[in-house]
Amino acid sequence: MRGSRGANGVGASNAKPRSRARRLCALACALAVLVAVSLGSDRSASPLSPSDREDASSSRAPNLDAVTGGGTGVSPALGEKPAVAVYFTGQARTLRRTLCSVRRHIFDPLMEQGFAPVVFVAGERDADAEEYASLLGRIPGVELGDVLIVDRPEASPRNEETVKYEDLPEPDDDAALPAVPRACVDAFRRKGRWFHAGGDGSDEGSKNARYSEEVLSQLWYRSVVDRLRRRWERTERGKKAGAFRWIVVPRPDNVYVDDLPDLRAARGHVQGDVERDLAGDVGDFVSFDASDASKGPTVMGTVFVPTWGEGYDPHAGGGVWGYFFGSKTSAKKRRAGVNNRFSYGGVAAMSAYHDLYARMCHDGLAQDMPAGVNFEQMVNWYFELPATFAAGGGGARGARVGPPH
């Protein structure tokens with residue numbers, strides 16, 4: 001990827017002291033799983049409007065304070081400290097099991113670094129959907145920005161005309177997006193190799209054909225959550241928060257074992273500015289001239305991703321055996337990929353990253369996607385496009401970093 005960097009220089013130490021409450025977080029989270037059984041009958045599949053969130057949180061408070069800390073969904077630091085947007089998408093079915101690691105390794109480091117985290121959720125409507133608000137909204141110091149719970153998007157009828165990219169609704173009018181265009185589903189089925197042995201995607205019954213709609217669903221929610229952030233910025237609380245500079249995207253089904261790296265040190269990692277004292281700095285977000293790539297990368301135009309789970313094997317089909325018996329599949333395995341399970345970066349680059357779905361399905365980009373790519377390879381291909389580079393303020397340039405994982 002452009003601007004690839006090593007894994008050193010950004011990681012935060014895990015040796016800092018923890019409060020007693022945080023050391024007990026893992027135990028409390030385990031107990032919450034048992035409590036979930038008794039709460040199951042109270043779950044609702046209805047969407048959560050902003051006015052419902054406080055009620056949803058308070059109704060669960062007696063059982064969840066030990067895990068979440070009993071916050072209110074309103075951050076007292078908003079407007080006083082730089083805001084960081086934290087995105088969650090998809091299903092919340094595992095959030096009770098991952099919440100402690102999310103709190104300890106994502107939210108706590110952000111607040112220790114001097115940021116005010118603001119949560120945005122584009123969730124799938126199911127029996128667990130309300131837990132996004134009732135769990136994340138009760139972590140002390142975390143602002144619950146906007147939560148939208150909607151049904152999983154379906155493919156549009158074949159005879160329905162695709163909404164063009166420039167005709168998509170503004171987030172202020174509707175943060176959600178139209179149904180997935182049928183032409184986009186067909187392109188993903190033809191070109192996606194989501195599973196190595198998943199069969200031909202053009203075969204309706206194959207695993208790759210079925211999973212194409214799952215991939216598009218994930219991308220759809222990712223695009224919507226960024227639109228929620230853009231809509232919230234125009235609200236009273238959003239104006240108080242000021243302009244976001246960072247976006248952090250932890251998947252809710254991941255368990256995190258390392259702290260989020262220190263965002264304040266990212267400028268030195270990307271731009272090489274290590275002489276200036278970084279104490280209290282929140283990053284250098286100089287404007288980027290897309291017409292002059294010689295100026296080098298900026299934090300604003302960088303997406304940071306882990307070094308693991310990149311979805312490709314650079315040595316596939318190599319050696320003497322590969323020379324004589326290598327296949328077209330080996331070449332596909334060697335195509336570069338990038339981890340799509342966790343990321344953070346400057347708002348410009350991260351917003352361009354989350355625009356992948358709209359560009360693919362409403363701007364015709366799916367038709368240009370290389371054949372035989374998996375999820376990670378598709379993301380890397382998208383990052384390398386000149387249009388993505390320009391839209392992302394110089395990226396999405398990918399700087400590979402080690403933890404969290």
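Colleague: What makes Glu233 count as partly exposed?

Modeller: Glu233 has a relative accessibility of 25%. Buried means under 20% relative accessible area and exposed over 50%, with partly exposed in between (1.4 Å probe, protein chains only). The 25% of Glu233 falls in between, so the residue is partly exposed.

Colleague: Before we go on, what kind of model is this, and how should I read the numbers?

Modeller: This is a predicted model: local features need pLDDT of at least 70, side-chain atom pairs count only at pLDDT 80 or more, and totals for chains, interfaces and linings use all residues. Residues are numbered from 1 along each chain as its sequence is written, and side-chain values use heavy atoms, with hydrogens and water left out.

Colleague: Thanks! Why is the contact of Glu233 and Arg229 called a salt bridge?

Modeller: A salt bridge needs a side-chain nitrogen of Lys or Arg within 4 Å of a carboxyl oxygen of Asp or Glu. Here the N to O distance is 3.2 Å, so the pair qualifies. Arg229 itself has 4% relative accessibility and therefore counts as buried. By this rule the model has 16 salt bridges.

Colleague: How do you know that Glu376 and Arg341 tie together separate parts of the chain?

Modeller: Their side chains meet in a salt bridge at 3.1 Å, N to O. Glu376 lies in helix 14 (residues 375-383) and Arg341 in the loop between helix 11 (328-334) and strand 6 (342-346), so the bridge joins parts that are 35 residues apart in sequence. Helices (H or I, at least four residues) and strands (E, at least two) are DSSP runs, numbered from the N terminus. Glu376 is buried at 8%, while Arg341 is partly exposed at 26%.

Colleague: And what about Arg359 and Asp355, buried or partly exposed?

Modeller: Arg359 has 26% relative accessibility, so it is partly exposed, whereas Asp355 has 18% and counts as buried. These two form a salt bridge as well, with their closest N and O atoms 3.3 Å apart. Elsewhere, shared partners join Glu124, Arg152 and Glu214 into one network of salt bridges.

Colleague: Why are Cys184 and Cys361 called a disulfide?

Modeller: The rule asks for a pair of cysteine sulfur atoms within 2.5 Å. The sulfur atoms of Cys184 and Cys361 are 2.0 Å apart, so the pair passes. The torsion about the S-S bond is about -60°, so this disulfide is left-handed. It links distant parts of the chain, with Cys184 in helix 6 (residues 182-191) and Cys361 in helix 13 (residues 356-362), 177 residues apart. Both cysteines are buried, and the count comes to one disulfide.

Colleague: Which residues meet between helix 7 and helix 12?

Modeller: With contact meaning heavy atoms within 4.5 Å, Arg222, Ser223, Val225, Asp226 and Arg229 in helix 7 meet Val347, Ser351, Tyr353 and His354 in helix 12. By class, there are three nonpolar, three polar and three charged residues.

Terms used: Ala, Val, Leu, Ile, Met, Phe, Trp, Tyr, Cys and Pro count as nonpolar, Asp, Glu, Lys and Arg as charged, and the others, Gly among them, as polar.
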